[in-house]
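Dear colleague,

Please find below the structure that I am handing over to you.

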Amino acid sequence: MPKLVSILEFAYRIGFTNLYDWQARILLRYEGGEPTAAACANYSGKTSVVFTVAALWTLYNFPRARLMYMSATWRQVTNKFFAGLERFRERRMFAGWQWLESEVGTPSGGFLYGRASDVAGFVEGIHDQHGSPAGLLIDEAKSIRDEILDTLEMPYHLPALYEFDRAGAGGFYRIMTAKAHLWKTFRVPSSDRPHVSKAEIEADRENLKDSVFRIKHGAEWLTDAGDSMTSLEHVRALIESPPEHLPGRPVAFCGFAGPGDETVLTIANGNRAEIVDAWRSRDTMHSVGKFLAHFRRLGLQGYDIGEDEGYGHQLMDRMAEEGYHLQRFNNGQAAKRTEIYTNLAAEWWSTVGQLIERRAVIIPDDEKLVAHQSPKAIR
């Protein structure tokens, strides 16, 4: 059997001549056959450097190996990871390899293939076979459901490498905490990434909610086990000691609900938000009538009122027939900061959470409202 090429020498040969210390340490643990897990801050180079080196080194040294790369989305698998591997296909050391959209194969029958946890169907692990060892590369592990991680978590001849770029609870959290004695674990904050400017870090410290900043730059987990965007402690503190009211132009928000669920109308006057009314009705047109009565009583115009057009599309069409053309938006549309938030609603929840933590708004002292903090809003 040919002498194995060390992983750091291999990285140098394919162009990674200046690895960060933490990247080298993770790769050395992987080379040593140890299951490795790393919690990385944003834009750390985990996918483009660590996973790339680990995957190509494994197939180069073990030509019959079988590797699975998994991430949370198919876009991450194809557009980022496998698309990034394309730049190596013309190198002589990979002559004869086959390069596909989501698979790389060696002339000896080894292969690396991609899977996404958001694609329907059951995801199975791969197992060692005689002369063909198996290994796992799990990217953005936080976003992969626990039952999938449990399916994949089994012994392999080759090591497993789990990494992610946002903080959250779940199976990966347990790997990094309760099961840390079984893994070689790393946490990679922004301070370990010299290419991130101090000015950018300080700007985010000023403009992001504290928990979001800790996720993005500290590779930490959210409070409340990652289940809410704002800690109950901050909410209680704000209710007990609200800031001074700063009046402004009133704007309203409709919380449409299905038959039997609670429908809500809220209004914000400057920095103070209030619940105008909340009710349950099995007749959605009855709710439309109540909304219109409140709009007229409060002197609101359509441009003063907003709502998600998902469920409320038909209800807003009926209001438009009565002269109230509400501001329509879609909670599921892309956020402005797509590198952090899954969608617009998540970004807005984070903004509200930041205002609550900084005691910049006045919110109702309402137990139902406190209980409905937004879950899992971070990408």
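The notes below begin with the chain as a whole and then turn to one strand.

This is a predicted model, in which local features need pLDDT of at least 70 and side-chain atom pairs count only at pLDDT 80 or more, while totals for chains, interfaces and linings use all residues. Residues are numbered from 1 along each chain as its sequence is written, and side-chain values use heavy atoms, with hydrogens and water left out.

The chain has 13 helices and 13 strands (DSSP runs numbered from the N terminus: helices are H or I with at least four residues, strands E with at least two). Of its 379 residues, 49% are buried (under 20% relative accessible area, with a 1.4 Å probe and protein chains only). The accessible surface is about 18800 Å², and carbon and sulfur atoms account for 51% of it (Shrake-Rupley method, 1.4 Å probe).

Strand E2 covers residues 66-71; 6 of its 6 residues are buried, so the strand is largely enclosed by the rest of the structure. Arg-66, Met-68 and Met-70 point one way from E2, whereas Leu-67, Tyr-69 and Ser-71 point the other way. In a regular strand, side chains alternate between the two faces of the sheet.

Which strands pair with E2? Strand E5 (residues 111-116) does so in the parallel sense over 6 bridges (pairing requires at least two DSSP bridges between two strands), and Ser-71 stands opposite Ala-116 there. Strand E6 (residues 134-139) also pairs with E2 in the parallel sense, over 5 bridges, and Ile-138 in E6 is the bridge partner of Met-70.

Yours sincerely

Methods:
Buried < 20%, exposed > 50% of the residue type's maximum accessible area, 1.4 Å probe, protein only.
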